[in-house]
Amino acid sequence: MATVDPTGEGGWREGDMNDKVKYKNGKGGAEQCHKKYCTVFFDLDHTLWDYESNSCATLAELYDVHDLKRRGVNEVQAFQDQFRLVNNELWDLFDTGKIASDVIRKERFKRILAHFAIVDEKLDRDLSAEYLDLCPRKAQLMPYAIEMLDYLSDRYRLTVITNGFDEIQHLKLAAGNITRYFDHIVTSQKAGHRKPARGIFDYALLQSNTACHEAIMIGDNLITDIGGARGAQIDTVFFNSEQREHEEIIDFEINSLIALKHFL
Ligand SMILES: [Mg+2]
């Protein structure tokens, strides 16, 4: 527990596994988080389930199966990079309420193929359907996910709060063999609200019979996970694995899931 913030003054503390925690002023010291919280909320994609690795593996398979090299996509890396670009753009529009979710599915591969000057409706439809079928069945998790779920599930009730479709998100949890850790799986489809809307967090609190000050939300997205939880008066852990710069004031910030052990 070397990194616990002993003075309560905030700032970064380093653990001995290249892990770091940033404490907000007044958090993580005498407050004894493990006594304060009873429920831990987890985001799924990019937080527990390694979306990036699973997506890249799926795209590499599709690249081979559909012989995209012959179609003019010279490198699998270029295909993956373009997917990342288009997908992030579309998800940002979806997260800020500017497009509906089906637009992501309809537009994604059309835009990617257009970038490579390929116009082929059948290929677009096939890639789209096969990506949706294959990707959620991939099993790669973020580093230390299992260790932390083992550790935390002995101490807290655990709930997933995720924007997405019930069926897809359940497939990912099953593929990663982590369904058993959670008392509740709250998807935006089930809750009728999506992060950052307060409704999905209130729904999760109700499901887990938890007051807002007894819960803490762990996620990788500053808008949906962190902003959303803060709006519902829930404490927050920003999982910033790439150590991106930002100006937000967050209760806890970590660069690795293993760092959760220092304060939970
Ligand atoms: Mg996420």
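**A guided tour**

Guide: Gladly, and let us start with a loop: Asn 18 sits between strand E1 (11–14) and strand E2 (20–23). Strands (E, at least two residues) and helices (H or I, at least four) are DSSP runs, numbered from the N terminus. This is a predicted model, in which local features need pLDDT of at least 70, side-chain atom pairs count only at pLDDT 80 or more, and totals for chains, interfaces and linings use all residues. Residues are numbered from 1 along each chain as its sequence is written.

Visitor: What makes Asn 18 count as exposed?

Guide: A residue is exposed if 12 or fewer other C-beta atoms, placed from the backbone, lie within 10 Å of its own, buried if 20 or more do, and partly exposed in between. Asn 18 has 10 C-beta neighbours inside 10 Å, so it counts as exposed. Its phi is near 60°, a positive value in a residue other than glycine.

Visitor: Where does Ala 117 lie, and why is it called exposed?

Guide: Ala 117 is in the loop between helix H4 (101–115) and helix H5 (121–134). It counts as exposed because it has 9 C-beta neighbours inside 10 Å. Ala 117 also has a positive phi of about 60°, although it is not a glycine. Most residues other than glycine have a negative phi, and most peptide bonds are trans.

Visitor: Which peptide bond is cis?

Guide: The bond from Lys 195 to Pro 196 is cis, with omega near 10°. Pro 196 belongs to the loop between helix H8 (188–191) and H9.

Visitor: Why is strand E7 (residues 235–239) called largely enclosed?

Guide: Five of the five residues of E7 are buried, so the rest of the structure largely encloses this strand. Asp 235, Val 237 and Phe 239 point one way, Thr 236 and Phe 238 the other way, and all are buried.

Visitor: What makes a group of residues a nonpolar core?

Guide: A nonpolar core is a set of buried Ala, Val, Leu, Ile, Met, Phe, Trp, Tyr and Cys residues joined through C-beta atoms within 7 Å. The largest one here has 46 residues, and Phe 41 and Ile 216 touch the most other members. Helix H9 (residues 198–207) gives the largest share, five residues. Apart from this core lies another of twelve residues, including Leu 59 and Phe 79.

Visitor: How do you know that the buried residues of helix H7 (residues 166–175) are on the same side?

Guide: The buried ones are Gln 169, Lys 172 and Leu 173. They cover an arc (taken from the directions from the helix axis to the C-beta atoms) of only 95°, which puts them on the same side of H7. By contrast, Glu 167, also in H7, counts as exposed because it has 10 C-beta neighbours inside 10 Å.

Visitor: Which domains is the protein divided into?

Guide: They are domain 1 (11–49 + 141–262) and domain 2 (51–137), with bounds from an automatic or database domain assignment. Their C-alpha centres lie 28 Å apart.
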